[in-house]
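Let us walk through this structure from the inside out.

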Amino acid sequence: MLIGELSTRTAVSTRALRHYEKLGMIHSERGENGYRNYSEESVEWVKSIQFLLSSGLNLATITQILPTLMGNKCALDDDFVRAAIERESGKIEARMAKMAHSHQVLSKALEKGLLRRPGT
(Lines give C-alpha, C1' and ligand atoms only; values in the text may rest on other atoms or scores of the structure.)
Protein backbone atom coordinates (compact mmCIF):
# COMPACT_ATOMS: atom_id res chain seq x y z
CA MET A 1 0.00 0.00 0.00
CA LEU A 2 1.11 3.58 -0.54
CA ILE A 3 1.88 5.99 2.29
CA GLY A 4 -1.48 7.74 1.91
CA GLU A 5 -3.40 4.53 2.48
CA LEU A 6 -1.22 3.62 5.47
CA SER A 7 -1.89 7.09 6.84
CA THR A 8 -5.65 6.69 6.38
CA ARG A 9 -5.75 3.20 7.89
CA THR A 10 -3.72 4.18 10.96
CA ALA A 11 -4.86 7.82 11.39
CA VAL A 12 -1.19 8.85 11.45
CA SER A 13 0.12 11.67 9.29
CA THR A 14 2.36 10.91 6.32
CA ARG A 15 4.97 13.15 7.93
CA ALA A 16 4.98 10.97 11.08
CA LEU A 17 5.15 7.81 8.97
CA ARG A 18 8.19 9.15 7.11
CA HIS A 19 9.77 9.95 10.50
CA TYR A 20 9.06 6.44 11.79
CA GLU A 21 10.69 5.06 8.66
CA LYS A 22 13.72 7.33 9.07
CA LEU A 23 14.10 5.96 12.63
CA GLY A 24 13.90 2.41 11.29
CA MET A 25 10.63 1.65 13.06
CA ILE A 26 8.78 0.73 9.86
CA HIS A 27 10.04 -0.21 6.43
CA SER A 28 8.94 0.24 2.86
CA GLU A 29 10.04 -0.86 -0.56
CA ARG A 30 10.51 1.75 -3.24
CA GLY A 31 8.71 1.17 -6.50
CA GLU A 32 10.19 2.07 -9.87
CA ASN A 33 8.23 5.31 -9.63
CA GLY A 34 10.00 6.12 -6.32
CA TYR A 35 6.83 5.75 -4.26
CA ARG A 36 7.00 4.00 -0.91
CA ASN A 37 5.14 0.70 -0.75
CA TYR A 38 4.27 -0.66 2.70
CA SER A 39 3.26 -4.18 3.63
CA GLU A 40 0.05 -5.07 5.43
CA GLU A 41 2.20 -5.74 8.52
CA SER A 42 3.06 -2.02 8.65
CA VAL A 43 -0.49 -1.24 9.81
CA GLU A 44 0.02 -3.27 13.00
CA TRP A 45 3.48 -1.81 13.58
CA VAL A 46 2.19 1.76 13.28
CA LYS A 47 -0.77 1.02 15.55
CA SER A 48 1.64 -0.46 18.09
CA ILE A 49 3.84 2.64 17.88
CA GLN A 50 0.80 4.84 18.51
CA PHE A 51 -0.28 2.71 21.47
CA LEU A 52 3.19 2.86 23.02
CA LEU A 53 3.35 6.64 22.48
CA SER A 54 -0.04 7.03 24.16
CA SER A 55 1.31 4.94 27.06
CA GLY A 56 3.94 7.58 27.67
CA LEU A 57 6.96 5.98 26.03
CA ASN A 58 9.19 8.13 23.84
CA LEU A 59 10.23 7.29 20.29
CA ALA A 60 13.79 6.40 21.30
CA THR A 61 12.56 3.73 23.71
CA ILE A 62 9.91 2.50 21.28
CA THR A 63 12.55 2.17 18.55
CA GLN A 64 14.61 -0.05 20.85
CA ILE A 65 11.84 -2.33 22.09
CA LEU A 66 9.38 -2.51 19.18
CA PRO A 67 11.07 -5.31 17.20
CA THR A 68 11.20 -7.54 20.28
CA LEU A 69 7.62 -6.72 21.26
CA MET A 70 6.28 -7.39 17.79
CA GLY A 71 8.30 -10.61 17.52
CA ASN A 72 6.93 -11.88 20.84
CA LYS A 73 3.32 -10.94 20.16
CA CYS A 74 3.80 -8.08 22.65
CA ALA A 75 4.80 -10.35 25.55
CA LEU A 76 6.88 -8.65 28.23
CA ASP A 77 9.10 -11.66 28.89
CA ASP A 78 12.25 -10.06 27.44
CA ASP A 79 14.52 -8.59 30.16
CA PHE A 80 15.63 -5.64 28.00
CA VAL A 81 12.05 -4.70 27.11
CA ARG A 82 10.90 -5.07 30.72
CA ALA A 83 13.77 -2.91 32.00
CA ALA A 84 13.07 -0.21 29.41
CA ILE A 85 9.39 -0.09 30.32
CA GLU A 86 10.15 -0.05 34.06
CA ARG A 87 12.63 2.81 33.52
CA GLU A 88 10.12 4.85 31.52
CA SER A 89 7.37 4.08 34.02
CA GLY A 90 9.57 5.49 36.78
CA LYS A 91 10.14 8.67 34.78
CA ILE A 92 6.40 9.07 34.28
CA GLU A 93 5.80 8.53 37.99
CA ALA A 94 8.35 11.28 38.82
CA ARG A 95 6.66 13.67 36.37
CA MET A 96 3.28 12.87 37.94
CA ALA A 97 4.64 13.70 41.41
CA LYS A 98 5.91 17.06 40.13
CA MET A 99 2.57 17.76 38.51
CA ALA A 100 0.70 16.84 41.69
CA HIS A 101 2.89 19.30 43.62
CA SER A 102 2.25 22.01 41.00
CA HIS A 103 -1.48 21.34 41.22
CA GLN A 104 -1.36 21.63 45.01
CA VAL A 105 0.50 24.98 44.85
CA LEU A 106 -1.89 26.42 42.28
CA SER A 107 -4.98 25.16 44.12
CA LYS A 108 -3.79 26.83 47.34
CA ALA A 109 -3.08 30.04 45.43
CA LEU A 110 -6.59 30.04 44.02
CA GLU A 111 -8.02 29.29 47.45
CA LYS A 112 -6.10 32.18 49.05
CA GLY A 113 -6.47 34.50 46.08
CA LEU A 114 -2.72 35.12 45.74
CA LEU A 115 0.43 33.43 44.56
CA ARG A 116 3.63 33.95 46.56
CA ARG A 117 7.07 32.43 46.51
CA PRO A 118 7.85 30.11 49.42
CA GLY A 119 9.32 32.02 52.38
CA THR A 120 7.69 35.37 51.47
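The largest nonpolar core has 22 residues. A nonpolar core is a set of buried Ala, Val, Leu, Ile, Met, Phe, Trp, Tyr and Cys residues joined through side-chain atoms within 4.5 Å. Buried means under 20% relative accessible area, exposed over 50%, partly exposed in between (1.4 Å probe, protein chains only). Those with the most contacts inside this core are Leu-6, Leu-17, Tyr-20, Ile-26, Val-46, Ile-49 and Ile-62. Helices α1, α2, α3, α4 and α5 each give it two or more residues. The largest share, 5 residues, comes from α3. Helices (H or I, at least four residues) and strands (E, at least two) are DSSP runs, numbered from the N terminus.

This is a predicted model: local features need pLDDT of at least 70, side-chain atom pairs count only at pLDDT 80 or more, and totals for chains, interfaces and linings use all residues. Residues are numbered from 1 along each chain as its sequence is written, and side-chain values use heavy atoms, leaving out hydrogens and water.

Now take α2, residues 14-22. Its buried residues are Ala-16, Leu-17, Tyr-20 and Glu-21. They lie on the same side of α2 because they cover an arc of only 140° around the axis, taken from the directions from the helix axis to the C-beta atoms. On the other side, Arg-15 and Lys-22 are exposed. The buried residues of α2 pack against α1 (3-10), β2 (36-37), α3 (41-54) and α4 (59-71). Contact means heavy atoms within 4.5 Å. Just after α2, Gly-24 takes a positive phi of about 85°.
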